[in-house]
Amino acid sequence: MQGTYTAFAGQRRLASGTAGDVALAVKRATQPLAEPIIIFDDGTGRSIDFDLRGNDHEVLARLEKLAPPAAEATEAPAEPRGRGRPKLGVVAREVTLLPRHWEWLNAQAGGASVALRKLVDEARRASGDKDRERQARDAAYHFMSTMAGDLPQFEEASRALFADDRRRFTGLIADWPTDIRDHVVKLAYSDPA
């Protein structure tokens, strides 16, 4: 599975890594722990549930089904394909635009589809860093809300996070439990505290 996950037992980090690694670590730790275990998707900062029933092989098999198949691994569908370029992953969807937009798009070299793809690629390049920063900030906030919502300075730390004031943010969370603090900083800034 793509992405990383982190499990917390109370305020202590239990495991971090791939979905399979974290699921098996949680499965092995559930008997002796009295604290609740929460698993987080590090890409979103949101909690996620894994089905830990059965043996290790069964748990891993269920997790494999959650992951989208790789582009090369997809099988050809049984029914005939329609228009488009299926090998490139082209998917037809509806776009609603004003007539002046369609006129401009149709006047572009390659037509509307090519022009739209170029516009989207250009916008992705132009805002890529800002999008990654926003996603990291949002993931840190979702994690913080669940794990640190009752901790001192949560509101002020949230304001500092969204204001992109790293010095103030790290100062405000300095007294939080070490594993929570370090994980929030890792999610927000992709590095250790």
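This tour visits aromatic side chains of the model, one selection at a time.

The model is predicted: local features require pLDDT of at least 70, side-chain atom pairs count only at pLDDT 80 or more, and totals for chains, interfaces and linings use all residues. Residues are numbered from 1 along each chain as its sequence is written, and side-chain values use heavy atoms, with hydrogens and water left out.

The structure contains seven aromatic pairs. Rings of Phe, Tyr and Trp (its six-membered ring) pair if their centres lie within 6.5 Å; planes under 30 degrees apart count as stacked, over 60 as edge-to-face and the rest as tilted.

Select Y141 and F162. Their rings form an edge-to-face pair, 5.3 Å centre to centre with 65° between the planes. Y141 belongs to helix α4 (residues 111-148) and F162 to helix α5 (residues 154-162), so the pair ties together parts 21 residues apart in sequence. Helices here are DSSP runs (H or I, at least four residues), numbered from the N terminus. Y141 is partly exposed at 28% relative accessibility, and F162 is partly exposed at 41%. Buried means under 20% relative accessible area, exposed over 50%, and partly exposed in between (1.4 Å probe, protein chains only).

Next, select F169 and Y189. Their ring centres are 6.0 Å apart and their planes lie at 65°, so this pair is edge-to-face. F169 is in helix α6 (residues 166-172) and Y189 in helix α7 (residues 178-189), 20 residues apart. Both F169 and Y189 are buried.

Finally, select F8, F40 and F143, which form one aromatic cluster.

Notes
Helices (H or I, at least four residues) and strands (E, at least two) are DSSP runs, numbered from the N terminus.
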